[in-house]
Amino acid sequence: MSAKNNILRRLRQAGMKGSAPDLPRWQDASVFADFPQTESPDLNRHFAHRFEALQGEFYQAGSAAEARSRLLQLVEKENGPVLVQPHEWLRRILNPLAANSERFHYMDAYSQDSREMEKAAAGITTADFLVARTGSLFLRSHTAFGRRLSVLPPLHIVLARPQQIVASLEQGFSKLKKENQPWSYGVLITGPSRTADIEKILVLGAHGPKRLAVILVTE
Amino acid sequence: MSPFATFWRKGNSSSSGEHRSFLRRAELRAHDDTHRHKILKAITSYEQAVGTMKHSQFRHWQQARHLAAQVKAYALAHLPDLLETFEKIISARGATVLWAETAEEAREHIRRIVRSQNARKVVKSKSMTTEEIGLNEMLQAEKVEVWESDLGELIVQIAGEKPYHIVTPAMHKSKADIAKLFHEKLGAPYTENAEALTMVARRHLRKAYITADIGITGANFIIAEEGAIVMTENEGNGRLTMACPPVHVVIVGIEKVIPRLEHLSLFLPLLATSGTGQQLTCYNSIVRGPRSPAEPDGPETMIVILLDNGRSRLYGDPEFHQSLRCIRCGACLNACPVYRTIGGHAYGTTYQGPIGAVISPHLWGMEKWSHLSFASSLCGACTDVCPVEIDLHHLLLKNRRRAVQAAKTGKGWKFGFRLWAFIMRSRRLVHLAHHLGRSLQWLRRVLPRDQAAHIPDLARQTFAEWWKQHERQK
């Protein structure tokens, strides 16, 4: 008798199936006090407020050019190459930068070795959705170019659009359920990496990125 | 040791070795002011954050915990079916699911994986199940280097200690303690600056992620209908452990199931609020399998080990079944006056605090561990804070009843209680006992001073006598 069969048999023998009522249903709006009560343009502001409270760096860019100059500003304090997710929309915005700068590299034309990625100044990705209530971003491995790009470099920059902002987690997850994509890994990111293991003192950049930035491109 | 503790120990039949060591450690810690100060500082800061967050995030905290309790109750009621659903869906994506009835079976699974991979180096994120099965000791016996990546776990690993708390393993260490540890064991320059110390750990672990053969994590949730596991953390060491090494092993208790992805919209905020007073923990990773063909990185192999180790026994017990709802947030530890006084190491078990006291006898033997259920004032603070409404303090009481029923209670203990019951039934005998006690209370002086202090003066009159006298005066 396998371990699986033994375990399942013991569980079934307990006869607990009828012991609980049906699953309750609820909506985030009725559970969460901080549910954004505003219309969609203000979701930007709600997101920005929550995101900055987490020490995230938030910027709005009215044009691709503005986004580019903001990017250059963000990376100037760091040393090393800037690695970019090879996404169509990102290419449209960043091609002028990539063409003129030695620093910017699209990941499909760059070393996949973790040791090389370790030397990067920043990783730039898109996001699947942003959550206004919590100031979070959700990325998946098949859209953010794998698992490492958004976590190895010390600065993670996300380019996003206002339409990607949802009010609460519930809406974000239901968006995921509607698709049927083969992603192996997804992560809900809420601020830069942090720890309080040393006397409850908050320190940023424990193992993941020390800096997390969002550029909301409104053009 | 106080006279009451001695009497209690003699009466409580499970005076196992564990029990004696527990009392000894508890006594030491209770008198250690430095230690108590550190714990109080940590817990005060926790309480402020949690209190604020419960109000600011939730309309009605009671409503939120009730919903969570209902979801967990449903998941448990349907556990066997949900576990099979999980296995089916995640296996279809290329993950391997293994089942382990005991800690030894789980260790054997991992031993086989290590040998088949010729692994020399393992990086792991914080996981109480790995503590539970004694993973690190087994890996060391296999001559495998183990790198604990969570900062708190790294600290206790370097110090050669066990985790102090299920959520914040190094809560008992001050900055100075950690500075000394890192200086002596990692060769870092001595500094008490928290940021500098964190950076030492960051640099120390960087190459571990990149060169490890296997990454081992636990999981906070199993999402049955999604075929996924969820891992919650603040630091990012878990993400790196699941991103870089070619093999990802997850070891997770079978009770961690929740039915659907959308339930995370309640459970992630709930866990973060109860666990650390955050709105959401920094990184909540959802893993649905090894890397898929179109992805540029990620482990090629993913193995999930579903751990029973006594949980199915708890499951079949109608009274204790609800204890499996636990999401391991640590709130009951922080609320408990006993935990606050003696700290995590005194317990001597993997799971400390109220939840540890409730489940340890069922996982590892009633005779060996029931004493923890007796070491409680039954104040109920634990039940009050539990985000999934586990009736913890009543379960402690039920453990006590079972321990007494199962064990050969001392004849002296039984006689003593019968005598007490006999006296208590008669007012005259109570008065007699009271005044007899008063006339003999000078005998306290034969005891050492700090023990004599435990025994208060008896009042000049019993309450009934005092009342009668004052009624007359009216």
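Reply: Two strands pair if DSSP finds at least two bridges between them. Strands (E, at least two residues) and helices (H or I, at least four) are DSSP runs, numbered from the N terminus. This is a predicted model, with local features needing pLDDT of at least 70, side-chain atom pairs counting only at pLDDT 80 or more, and totals for chains, interfaces and linings using all residues. Residues are numbered from 1 along each chain as its sequence is written, chains are lettered from A and ligands numbered from 1 in the order in which they are written, and side-chain values use heavy atoms, leaving out hydrogens and water.

Chain B has an open, parallel sheet of 6 strands, ordered 1-10-7-4-2-3. Its edges are strand 1 (96-100) and strand 3 (145-148), each pairing on one side only. From one strand to the next the twist averages 20° (angles run from 0 to 180 degrees between N-to-C directions, with axes fitted to C-alpha atoms, for helices over the stretch in contact). Inside that sheet, strand 4 (residues 214-217) and strand 7 (residues 247-253) of chain B share 4 bridges, with B:Ile214 opposite B:Val247.

Now for the meeting place. Strands turn up here too: strand 9 of chain A (residues 185-189) runs antiparallel to strand 9 of chain B (residues 283-287), joined by 5 bridges.

Overall, 98 residues of chain B and 78 residues of chain A are in contact, meaning heavy atoms within 4.5 Å. The two chains bury about 7700 Å², 59% of it on carbon and sulfur atoms; buried area is the accessible area (1.4 Å probe) lost on putting two parts together, summed over both.

There are 11 salt bridges across the interface (a Lys or Arg side-chain nitrogen within 4 Å of a carboxyl oxygen of Asp or Glu). One of them links A:Arg10 to B:Asp308, with the closest N and O atoms 3.0 Å apart. On chain B's side, helix 11 (residues 194-211) gives the largest share, 11 residues.

Finally, a helix pair: helix 1 of chain A (residues 3-13) packs against helix 5 of chain B (residues 79-92) at about 150°, axes 8 Å apart. Residues making this contact include A:Leu8, A:Leu11, B:Leu79 and B:Leu83, along with A:Lys4 and B:Glu87.
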